Amino acid sequence: MENSDLEKLKYPIGKFIAPSAYSKEYLSGKIEEIAQFPEKLKHETIYLSDEQLDTPYRPGGWTVRQVIHHCAESHMNCFIRIKWALTENNPVIKAYDEVLWAALPDNLEMPIQPTLSLLEGLHFRLAYLLKSLSETELDRSFIHPENNSEIKIKQMIATYAWHGKHHLAHITTLKKNKNWK
């Protein structure tokens, strides 16, 4: 497989590009994407067999099962980080190693239904909270320790709307390539 083909499998919707401005309309649309993500993920995965769920979306990549569980873990961390940013003054958040988490038994073997249910509740809460934030609150931030960068809540909204679509595209691209329904 050529590097360009592998890159397309890694980033089927392209890499995240931050917008130049975070208008109210832009953020509202991204919050709606976040709210809809669990239903879209469920629609694409609920009828997959264990064999399909245990298929990597690309050579050397995670299985569909791992991608689903990763989304829940990543989005739980997003939710907690936003809560910290809203309740503390520019806190330094805790980083985690998503590759090591993805290799744990729950990510490798657990059925997806509990995670799909978790995502449904989590995204309801996340969208509910995000819709309630003022412009001042959307500008609140935290520090990510990996590169000491300051990340604002409004940036998280854009990033996690992309993140859901990114991983959903991993699954839909695999399904298309494998001719799965």
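Q: Which cut-offs separate buried, partly exposed and exposed residues?
A: Buried means under 20% relative accessible area, exposed over 50%, and partly exposed in between, with a 1.4 Å probe and protein chains only. The model is predicted, so local features need pLDDT of at least 70 and side-chain atom pairs pLDDT 80 or more, while totals for chains, interfaces and linings use all residues. Residues are numbered from 1 along each chain as its sequence is written, and side-chain values use heavy atoms, without hydrogens and water. Asn148 counts as exposed because its relative accessibility is 62%.

Q: Where does Asn148 lie, and what is its phi?
A: Helices (H or I, at least four residues) and strands (E, at least two) are DSSP runs, numbered from the N terminus. Asn148 is in the loop between strand S1 (141–144) and strand S2 (149–152). Its phi is positive, about 55°, although Asn148 is not a glycine.

Q: Where is Asn179 found, and is Asn179 buried or exposed?
A: Asn179 belongs to the segment after helix H9 (153–178). Asn179 counts as exposed because its relative accessibility is 63%. Its phi is also positive, near 60°, in a residue other than glycine.

Q: Which residues does Lys10 touch, leaving aside those up to four places away in sequence?
A: Contact means heavy atoms within 4.5 Å. Beyond those sequence neighbours, Lys10 touches Arg58, His166 and His170. Lys10 lies in helix H1 (residues 3–10) and, at 30% relative accessibility, counts as partly exposed.
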